[in-house]
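Trainee: I would like to learn how to read a protein model. Please show it to me, and let us go through it feature by feature.

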Amino acid sequence: MGLIRFFCIAIFLSFNIACSKQVEMSETVVAEPTPARTTAIADAFDYPIGKNPTVTQAKDSDEWYNALDLGENDHLGEDWNKNTGGNTDCGEPVYSIANGEITYAADGGPGWGNVIIVTHTLPDGTRVQSLYGHLQEISKREGEVKKREQIGLIGNANGRYLCHLHLELRQENSKDWNRPGGGYSSDRTGWLDPSDFIDSRRTFKK
Ligand SMILES: [Zn+2]
């Protein structure tokens, strides 16, 4: 009985190996050359939150507002919250503000929680990076993203704050290019105002 079982297992295993080898071989035969990666140009920008393309920084105009602007208390970004306050925005989707490529997606440390950085190539060839901090969840960790593609969920940096999205926008001369950095600094060389930048490049016009 034991011998029969042994043979059955042996036959089963060799059949599986033969099959997987065949799959590998047929995949090799049909495989085509991988086309060169061309990240889409970031020719338009939009806000990273909200269902509608009508978001502004003001608290009274739509569901969302910027609670802490760039430069306030040496803040290097903008803190996006729902008008309804508290933790009502926990778990809301976070979208890439433009076409680009995810170049950082990890836990940035105690003050950060989950962080995603997307690198965008502008039509003139220069690059900027958008950073999304304190995320409850990272939905996409690598690869190309489209404008308004979901990349994460709004969070609280593992309970450190009330839920909000910390949004930064950097140029290549930022000392924290492609890493989370400190979030606050009196030296804002290389940091841009996210809302001003988005407003001047969005497809939706107020
Ligand atoms: Zn912040």
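Trainee: Which residue is the bridge partner of Pro93 in strand 9?

Mentor: First the terms: strands (E, at least two residues) and helices (H or I, at least four) are DSSP runs, numbered from the N terminus. Two strands pair if DSSP finds at least two bridges between them. Here the partner of Pro93 in strand 9 is Leu153. Strand 3 (residues 93-95) and strand 9 (residues 150-153) pair in the antiparallel sense, over three bridges. Leu153 is also the bridge partner of Glu137. Strand 7 (residues 137-138) and strand 9 are antiparallel too, with two bridges.

Trainee: In what order do the three strands of this open sheet lie?

Mentor: The order is 3-9-7, with antiparallel pairing. Strand 3 and strand 7 are the edge strands, each pairing on one side only.

Trainee: What should I know about the model before I go on?

Mentor: This is a predicted model: local features need pLDDT of at least 70, side-chain atom pairs count only at pLDDT 80 or more, and totals for chains, interfaces and linings use all residues. Residues are numbered from 1 along each chain as its sequence is written.

Trainee: What is the average pLDDT of the protein chain?

Mentor: pLDDT is the predictor's confidence in each residue, from 0 to 100. The protein chain averages 86, and 81% of the residues score at least 70. Over residues 6-28 the pLDDT is below 50, and this stretch has zero contacts in the model beyond near neighbours in sequence. A contact means that the C-beta atoms of two residues, placed from the backbone, lie within 7 Å. Where pLDDT is low, the predicted coordinates should not be read in detail.

Trainee: How many helices and strands does the protein chain have?

Mentor: There are two helices and eleven strands. From the N terminus on, the elements run α-β-β-β-β-β-β-β-β-β-β-β-α. Among contacts with a separation of 6 or more, 59% join residues 24 or more positions apart.

Trainee: Which strands does strand 4 join through bridges?

Mentor: Strand 4 (residues 100-107) is joined by three bridges to strand 8 (residues 143-145), and the two run antiparallel. There, Glu101 stands opposite Glu144. Six bridges join strand 4 to strand 5, also antiparallel, with Ala105 opposite Ile116. The hairpin of strand 4 and strand 5 has six residues between the strands, and in this hairpin Gly109 takes a positive phi near 115°.

Trainee: Which residues other than glycine have a positive phi?

Mentor: Most residues other than glycine have a negative phi. Among the exceptions here are Asn73, with phi near 55°, and Asp74, with phi near 60°. Asn73 is in the loop between strand 1 (64-68) and strand 2 (78-82), and Asp74 is found in that loop as well.

Trainee: Why does Asn73 count as exposed?

Mentor: A residue is buried if 20 or more other C-beta atoms lie within 10 Å of its own, exposed if 12 or fewer, and partly exposed in between. Asn73 is exposed because it has 7 other C-beta atoms within 10 Å. Asp74 counts as partly exposed, because it has 13 C-beta neighbours inside 10 Å.

Trainee: Is Ser174 buried or exposed?

Mentor: Ser174 is buried, because 21 other C-beta atoms lie within 10 Å. Ser174 lies in the loop between strand 10 (165-171) and strand 11 (191-192). Not counting residues up to four places away in sequence, Ser174 touches Gly190 and Trp191. Ser174 and Trp191 are 17 residues apart in sequence, yet 6.4 Å apart in space, C-alpha to C-alpha. In the whole protein chain of 206 residues, buried residues make up 31%.

Trainee: How many residues are in the largest nonpolar core?

Mentor: In soluble globular proteins, nonpolar side chains tend to be buried together. A nonpolar core is a set of buried Ala, Val, Leu, Ile, Met, Phe, Trp, Tyr and Cys residues joined through C-beta atoms within 7 Å. The largest one here has 28 residues, and Ile49, Val94 and Ile151 are among those with the most contacts inside it. Strand 3, strand 5 (114-121), strand 6 (127-135) and strand 10 each supply at least two residues of this core. The largest share, four residues, comes from strand 5. Another core, of five residues, lies apart from it and includes Leu70, Leu76, Leu169 and Trp191.
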